[in-house]
Amino acid sequence: MKKIVLLSDTHSFVDAKILKYVRQADEVWHAGDIGAIAVADTLKKEKPLRAVYGNIDDKTVRSEYPLDAKFTCEGVSVWMTH
């Protein structure tokens, strides 16, 4: 079974405590309000990242991530949105 870190509303900030849990997971899912694209880049360096944008996210984040993400994980249908 995959270990997933589910985040949202990081608002341009990722601290060491979050990264500790990211390193223990198989994937990271970010449900919007990423803030700075550097947050997503930091997370992607550690583990595979699935993300959607939220209402505070700028055009850079919106060009990289969709409003909604629909996918299957271990046979479970997932719909992630902010």
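Student: How many bridges join β2 to β3, and do these strands run parallel or antiparallel?

Tutor: This is a predicted model. In it, four bridges join β2 to β3, and the two run parallel. A pair needs at least two bridges, so four are enough for β2 and β3 to count as paired. Within this pairing, valine 28 stands opposite leucine 49 in β3.

Student: What is the order of the strands in the open sheet?

Tutor: The order is β1-β2-β3, three strands with parallel pairing. β1 (4-7) and β3 each have a single partner strand, so they stand at the edges, and one side of each lacks a neighbour in the sheet. From one strand to the next the twist averages 10°.

Student: Which helix lies across β1, β2 and β3?

Tutor: That is α2, which runs at about 155° to β3.

Student: What describes the packing of helix α1 against helix α2?

Tutor: Two packed helices are described by the angle between their axes and by the distance between those axes. For α1 (residues 16-24) and α2 (residues 37-46) the angle is about 35° and the axes are 9 Å apart. The crossing of α1 and α2 is right-handed. Leu19, Val22 and Arg23 in α1 meet Thr42, Leu43 and Glu46 in α2.

Student: How do you know that β4 and β5 are paired, and in which direction do they run?

Tutor: Six bridges join β4 to β5 (residues 76-81), and the strands run antiparallel. β4 and β5 form a hairpin with two residues between them, and glutamate 74 in the turn has a positive phi of about 50°. Phenylalanine 71 stands opposite valine 78 in β5.

Student: Which residues make up the covered face of β4, and which the uncovered one?

Tutor: Ala69, Phe71 and Cys73 are on the covered face of β4 (residues 68-73), while Asp68, Lys70 and Thr72 are on the uncovered face.

Student: Why is alanine 69 called buried?

Tutor: Its relative accessible area is 13%. Buried means under 20%, so alanine 69 is buried. Leaving aside residues up to four places away in sequence, alanine 69 touches Val52, Val78, Trp79 and Met80. Alanine 69 and histidine 82 are 13 residues apart in sequence and 9.9 Å apart in space, C-alpha to C-alpha.

Student: How many aromatic pairs does the structure hold?

Tutor: It holds one. The rings are those of tryptophan 29 and phenylalanine 71, with centres 5.0 Å apart and planes at 85°.

Student: What makes the pair of tryptophan 29 and phenylalanine 71 edge-to-face?

Tutor: Ring centres must lie within 6.5 Å, and planes over 60 degrees apart count as edge-to-face. The centres of tryptophan 29 and phenylalanine 71 are 5.0 Å apart and the planes are at 85°, so both conditions hold. Tryptophan 29 lies in β2 (residues 27-31) and phenylalanine 71 in β4, so the pair ties together parts that are 42 residues apart in sequence.

Student: Are tryptophan 29 and phenylalanine 71 buried or exposed?

Tutor: Tryptophan 29 has a relative accessible area of 10%, and phenylalanine 71 has 11%. The limit for buried is under 20%, so tryptophan 29 is buried, and so is phenylalanine 71.

Student: Which residue lies over the face of phenylalanine 71, and which over the face of tryptophan 79?

Tutor: Arginine 50 lies over phenylalanine 71, at 3.9 Å from the ring centre. Lysine 70 lies over tryptophan 79, at 4.6 Å from the ring centre.

Student: Where does isoleucine 56 lie, and what does it touch?

Tutor: Isoleucine 56 lies in the loop between β3 (49-52) and α3 (59-64). Residues up to four places away in sequence aside, isoleucine 56 touches His11, Asp33 and Gly35. Its relative accessible area of 39% makes isoleucine 56 partly exposed.

Conventions. Residues numbered from 1 in each chain as written. Predicted model: local features only at pLDDT ≥ 70, side-chain atom pairs only at ≥ 80, totals over all residues. Heavy atoms only, no water. Buried < 20%, exposed > 50% of the residue type's maximum accessible area, 1.4 Å probe, protein only. Contact = heavy atoms within 4.5 Å. Phe/Tyr/Trp six-rings, centres within 6.5 Å; stacked < 30°, edge-to-face > 60°. Lys NZ or Arg CZ within 6 Å of the ring centre and 35° of its normal. Axes fitted to C-alpha atoms, helices over the stretch in contact; angles between N-to-C directions. Left-handed = near helix turned anticlockwise from the far one by under 90°.
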